[in-house]
Amino acid sequence: RFLVEKSCVLVGACDSRGGVHDPNGLDLGDLMKLKKAGRSVSEYDGARKIDSDAVIGLDCDIWIPAARPDVVNEDNVSDLKVKLILQGANIPITPGAEKILHERDVINLPDFIANAIGVICAAMEYQKARQAVAFQTISDKIRDNTRQVLEASRGKGVSLREAAMELAADRVRRAMDTRRWSVF
């Protein structure tokens, strides 16, 4: 939804019951109405019907796996024709497939960076932040974390996941250094 609001064209969508594709664009509002009614996106009128797994092979610039783990693996990663992957689901790409994507220079932002919205939002709710403040904080943190991971990846010649893991580990170590811990 946010990407469509920024003038991106949604060319494909799928759910567990099927998918649809239209290189000229799908109407997000119509897709959302279908889902709210408990129906499948495959019931969308005016687009080519596809199998759920066929969404992996669609030509697009940005691809967002947002539902289940291990969608992309070593057997189907070669089907991806994308420049950027934003992992919206938890662990949607296997480690072997991530390695192949890195070798192909596909920007593949790991799930715990791209999909940290829930954690950030929970922290903002705990602080009793207003909605506008929460949304701005989410935007700022995701943008800053993405920038840091991209810079570390390029600077060290490692995958985005390796750079993200190092960033996360450093933050956990720093947080632990600032607190007193006791073991029972």
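Visitor: Which element gives the most to the lining of the largest pocket?

Guide: In this predicted model, helix α6 gives the most to that lining, with six residues.

Visitor: What volume does the largest pocket have, and which residues lie nearest its centre?

Guide: The volume of the largest pocket is about 2,200 Å³. Its lining is made up of 48 residues, and those lying nearest the centre are R1, F2, L3, I64 and L86. The elements that contribute two or more residues to the lining are α1 (2–5), β1, α2 (28–36), β4, β5 and α6.

Visitor: Let's stay with α6 for a bit. What span should α6 have, and how far apart are its end C-alpha atoms?

Guide: Helix α6 covers residues 131–156. At 1.5 Å a residue, its 26 residues should span 38 Å, and the end C-alpha atoms lie 37 Å apart, which agrees with that expectation. Just after the helix comes G157, which takes a positive phi of about 65°.

Visitor: Which residues of α6 are buried, and what covers them?

Guide: The buried residues of the helix are A134, T137, I138, I142, N145, T146, V149 and S153. Their cover includes β6 (107–109), α4 (111–114), α5 (117–126) and α7 (160–177).

Visitor: Pick V149, then. Why does V149 count as buried?

Guide: V149 has a relative accessibility of 1%, and buried means under 20%, so V149 counts as buried.

Visitor: And which residues is V149 in contact with, leaving aside its neighbours within four places in sequence?

Guide: With those neighbours set aside, V149 is in contact with I113, L160, A163, A164 and L167. As for A168, which is 19 residues away from V149 along the chain, the C-alpha atoms of the two are separated by 10.0 Å.

Visitor: Changing topic to the strands: in what order do β1, β2 and β3 lie in their sheet?

Guide: They form an open sheet in the order β1-β2-β3, and the pairing is antiparallel. The edge strands are β1 (12–15) and β3 (48–50), each of which pairs on one side only. On average, and with direction ignored, neighbouring strands of this sheet are turned by 20° against each other.

Visitor: How many bridges join β1 to β2, and how many residues stand between them in the hairpin?

Guide: Four bridges join β1 to β2, running antiparallel, and the hairpin that the two strands form has two residues between them. One of the pairings across these strands is that of A13 with its bridge partner V20 in β2.

Visitor: What about β2 and β3, over how many bridges do they pair?

Guide: Strand β2, which is made up of residues 18–21, pairs with β3 in the antiparallel sense over three bridges. G19 has I50 of β3 as its bridge partner, while H21 stands opposite R48, also in β3.

Visitor: Which way do the residues of β2 point, and are they buried or exposed?

Guide: G18 and V20 point one way from β2, whereas G19 and H21 point the other way, and all of them are buried.

Visitor: What about the sheet with β4, β5 and β6, is its pairing parallel or antiparallel?

Guide: That open sheet of three strands has the order β4-β5-β6, and its pairing is parallel. Its edges are β4 (62–63) and β6, each of which has a single partner strand, so one side of each is left without a neighbour in the sheet.

Visitor: How many bridges join β4 to β5?

Guide: Two bridges join β4 to strand β5, which is formed by residues 84–86, and these strands run parallel. In β5, L84 is the bridge partner of I62.

Key:
Residues are numbered from 1 along each chain as its sequence is written. This is a predicted model: local features need pLDDT of at least 70, side-chain atom pairs count only at pLDDT 80 or more; totals for chains, interfaces and linings use all residues. Side-chain values use heavy atoms; hydrogens and water are left out. Two strands pair if DSSP finds at least two bridges between them. Axes are lines fitted to C-alpha atoms, for helices over the stretch in contact, and angles run from 0 to 180 degrees between N-to-C directions. Buried means under 20% relative accessible area, exposed over 50%, partly exposed in between (1.4 Å probe, protein chains only). Contact means heavy atoms within 4.5 Å. The expected span of a helix is 1.5 Å times one less than its number of residues. On a 1 Å grid over the protein atoms alone, a cavity is a set of points where a 1.4 Å probe fits but cannot get out, and a pocket is an open set with protein on both sides within 12 Å along at least five of seven lines; lining residues have an atom within 4 Å of a point. Grid points are joined across faces, edges and corners, and a volume is the space filled by probe spheres set on the points.
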